[in-house]
Amino acid sequence: MPKSKRNRAVTLSKTKKKGKEQKQLLVDAIREAVEHYSSIYVFSFENMRNLKFKEFREQLKSSSRFFLGSNKVMQVALGRSVGDELRPGIRKVSKVLRGNTGLFLTNLPKEEVLRLFNEFEEYDFARTGSNAAEKVELKEGPLVEFTHEMEPFLRKQGMPVRLNKGVVELVSDFVVCEEGKPLSPESARILRLLGIKMATFRLHLICRWSPEDFELYAEGMDDSDVESS
C-alpha cells in the first residue's frame with residue numbers, strides 16, 4: 001500500500017537551510033544592484049495588488065529594479081550603521097524600512113521618478129477586512145442588475161430578497177457597508193457584484209539616497225529619524 005504524502009516526515013533543518021539561502025540571495029541581489037543604479041528610493045504601499053505591481057515593475061525594468069521582502073534582510077544588505085553600511089550614508093535608507101515598504105533602485109532622473117509614483121493609482125474591489133470608503137445602502141424594490149438565478153446566492157449573503165415574477169426584489173432597505181467600518185466577507189462579495197471599487201492601490205515615496213545626497217519625502221519625518229549611527 002503506497003504511503004500517504006500527508007504523513008511523510010519533513011526535515012526541519014532542510015526548510016531552515018532553504019529559508020537562509022533565500023535570504024542570502026536577496027542580500028546578494030540588492031548589493032549587486034546598488035553597484036549598477038545611481039539612486040535608491042524607499043517606498044510604502046497600500047492595498048497592494050500583485051498583478052498591477054508586476055505591470056508597473058515590467059514598465060520600468062529597463063532602467064530600474066524593485067525589491068520586496070523582509071525589511072530586516074534588506075537592512076542587512078544595505079547596512080544599518082556607519083560601520084557596516086554598503087556605501088556612505090546608505091544606512092539612512094535602512095532606518096526607514098519599516099512596515100509595508102520596499103526598495104526601488106533606478107537610473108531615472110529624480111523628477112521622472114516623482115512623477116511616476118505620484119501618478120500611479122489603481123482602483124480595485126475592496127477585500128474582506130478593509131475599511132469601507134463610503135456607506136452603500138440599497139433601497140427596497142427591484143434589483144434589476146441581478147438575474148433571477150442569483151436570488152439564492154444573494155440570500156446567503158444576508159440580503160432580504162425574494163423573486164417577484166422572475167425579478168429579484170429587496171423586501172426592505174439593506175445596508176451593504178458603513179463608511180469606515182471593516183468589510184465582512186458578505187459585504188465584499190456584494191460590492192463586487194455591484195461593481196463598486198473601494199480599494200486604491202498606491203505607492204508612496206519615503207526617501208531618496210544617492211552618493212551625493214539624501215532626501216526625505218514622508219510627512220512627519222525629519223533628519224533626526226535617520227541620523228543616528
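Modeller: Two strands pair if DSSP finds at least two bridges between them; strands (E, at least two residues) and helices (H or I, at least four) are DSSP runs numbered from the N terminus. The model is predicted, so local features need pLDDT of at least 70 and side-chain atom pairs pLDDT 80 or more, while totals for chains, interfaces and linings use all residues. Residues are numbered from 1 along each chain as its sequence is written, and side-chain values use heavy atoms, without hydrogens and water.

Colleague: How many bridges join strand β2 to β3?

Modeller: Strand β2 (residues 64–67) runs antiparallel to β3, and four bridges join the two. Within this pairing, F66 has F104 of β3 as its bridge partner. Strand β1 (residues 39–46) also pairs with β3 in the antiparallel sense, over six bridges, and here I40 stands opposite L105.

Colleague: Is strand β3 mostly covered or mostly open?

Modeller: A residue is buried under 20% relative accessible area, exposed over 50% and partly exposed in between (1.4 Å probe, protein chains only). Strand β3 (residues 101–106) is mostly covered, with six of its six residues buried. In a regular strand, side chains alternate between the two faces of the sheet. In β3, T101, L103 and L105 point one way and G102, F104 and T106 the other way, and all are buried.

Colleague: How many residues of helix α3 are buried?

Modeller: Helix α3 (residues 71–78) has six of its eight residues buried, namely N71, V73, M74, Q75, A77 and L78. Just after α3, G79 takes a positive phi of about 100°.

Colleague: In what order do the three strands of the open sheet lie?

Modeller: The order is β6-β8-β7, with antiparallel pairing. The edge strands, β6 (141–142) and β7 (161–164), each pair on one side only. Two bridges link β6 to strand β8 (residues 167–170) in the antiparallel sense, and G141 stands opposite L170 in β8.

Colleague: Which residues line the largest pocket?

Modeller: On a 1 Å grid over the protein atoms alone, a pocket is an open set of points where a 1.4 Å probe fits, with protein on both sides within 12 Å along at least five of seven lines; lining residues have an atom within 4 Å of a point. The largest pocket is lined by L114, F117, N118, F120, E121, R202, L203, H204, L205 and Y217. The elements giving two or more residues to this lining are α5 (110–119) and β10 (199–209), and β10 gives the most, with four residues.
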